[in-house]
Amino acid sequence: MFAFLIHPRVLTALALLLAGAGLSITAWQGPASAMLVPRIVLTIWCVVALAILIGELIRRVPVKRATLTPLPLLMAAVLVAAIATASLGFLIPALPLVALTLWLFRIRRPLPLLLGTIVIGGGLWFLFHHVLMIRLPALLTNGVI
C-alpha cells in the first residue's frame, strides 16, 4: 500500500494540490480587487489537482520501474529563465528555453529547431510587446529587446 502512495503520479498530483493551496493562502490575504483573477485561477487549480489526486488514488496503477523523464530538466530551465528575465530581459532567456523545449519534443533537425525557436520565442515577444501592448522586461534601456 505504501509503495502505491509514493507513485510518481500520486506525488505529482499531491504536490500540485499543496502548491495551489499554499499560493491560495497568499492570494486570499491580498487586496480584494487586485486578487480576483488569481483567486479564481488558484481555486480552479486546487479543484483540478484534487480531482487528479482522487482519480490517481482510485486507479491504483502499480509502479513498474523508474524511468527518467525530461520534465525536471524543463522545470529547472523554466526557473532559470524566469530568474534571468529580471536582468537579461524577456527575449534572451526565452530563446534558449524555447529551443530546449523543442529539443525535448524531439525536434532535432537544425533548420526546424532554429526556425521554431525564432518564430515561437520572437513571436511571443512580438505578440506581448507590440500587439497586446504588455511591456516585457527589456535588456536595453531603450526597450528594443
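Author: A nonpolar core is a set of buried Ala, Val, Leu, Ile, Met, Phe, Trp, Tyr and Cys residues joined through side-chain atoms within 4.5 Å. The model discussed here is predicted.

Reader: What makes V10, A13, L17, C46, A49 and L53 a nonpolar core?

Author: A core requires buried residues of the listed kinds, joined through side-chain atoms within 4.5 Å. V10, A13, L17, C46, A49 and L53 make up such a set, and with 6 residues in all it is the largest nonpolar core. The elements that contribute two or more residues to this core are α2 (8–28) and α3 (36–59). Apart from it lies another core, of 5 residues, including F90, A94, W125 and L136. In soluble globular proteins, nonpolar side chains tend to be buried together.

Reader: Which residues does A49 touch, beyond those up to four places away in sequence?

Author: A49 touches A13, L16 and L17. To count as a contact, heavy atoms must lie within 4.5 Å.

Reader: Why are α2 and α3 called roughly antiparallel?

Author: The two helices pack at an angle of about 155°, with their axes 8 Å apart. Angles over 145 degrees count as roughly antiparallel. The angle of α2 and α3 is therefore in that class, and the two are roughly antiparallel to each other. By class, their contact has 18 nonpolar, 3 polar and 4 charged residues.

Reader: How do you know how α4 runs relative to α5?

Author: Helix α4 (residues 71–88) and helix α5 (residues 91–104) pack at an angle of about 165°, and their axes are 8 Å apart. The cut-off for roughly antiparallel is again over 145 degrees, so α4 is roughly antiparallel to α5. The crossing of α4 past α5 is left-handed.

Reader: Which residues meet where α4 and α5 pack?

Author: From α4, the residues are L73, L74, A77, V78, A81, A84, T85 and L88; from α5, they are I92, P93, L97, L100, T101 and L104. By class, this contact has 12 nonpolar, 2 polar and no charged residues.

Reader: Is T85 buried or exposed, and how do you know?

Author: T85, which lies in helix α4, has a relative accessible area of 16%. Buried means under 20%, so T85 is buried. Leaving aside neighbours within four places in sequence, T85 is in contact with F90, P93 and P137. Of these, F90 is also among the residues of the 5-residue core.

Reader: What makes L102 buried?

Author: L102 is found in helix α5. Its relative accessible area is 11%, and the cut-off for buried is under 20%. L102 is therefore buried.

Reader: How far apart are L102 and T117 in sequence and in space?

Author: L102 and T117 are 15 residues apart in sequence, and their C-alpha atoms are 7.7 Å apart in space.

Reader: What elements does the protein have, and how much of the protein counts as buried?

Author: The protein has 6 helices and 0 strands. From the N terminus on, the elements run α-α-α-α-α-α. Of the 145 residues, 22% count as buried. Among contacts with a separation of 6 or more, 52% are between residues 24 or more positions apart.

Conventions:
Residues numbered from 1 in each chain as written. Predicted model: local features only at pLDDT ≥ 70, side-chain atom pairs only at ≥ 80, totals over all residues. Heavy atoms only, no water. Buried < 20%, exposed > 50% of the residue type's maximum accessible area, 1.4 Å probe, protein only. Helix = DSSP H or I, 4+ residues; strand = E, 2+ residues; numbered from the N terminus. Axes fitted to C-alpha atoms, helices over the stretch in contact; angles between N-to-C directions. Parallel < 35°, antiparallel > 145°, perpendicular 65-115°, else oblique. Left-handed = near helix turned anticlockwise from the far one by under 90°. Nonpolar A, V, L, I, M, F, W, Y, C, P; charged D, E, K, R; others polar.
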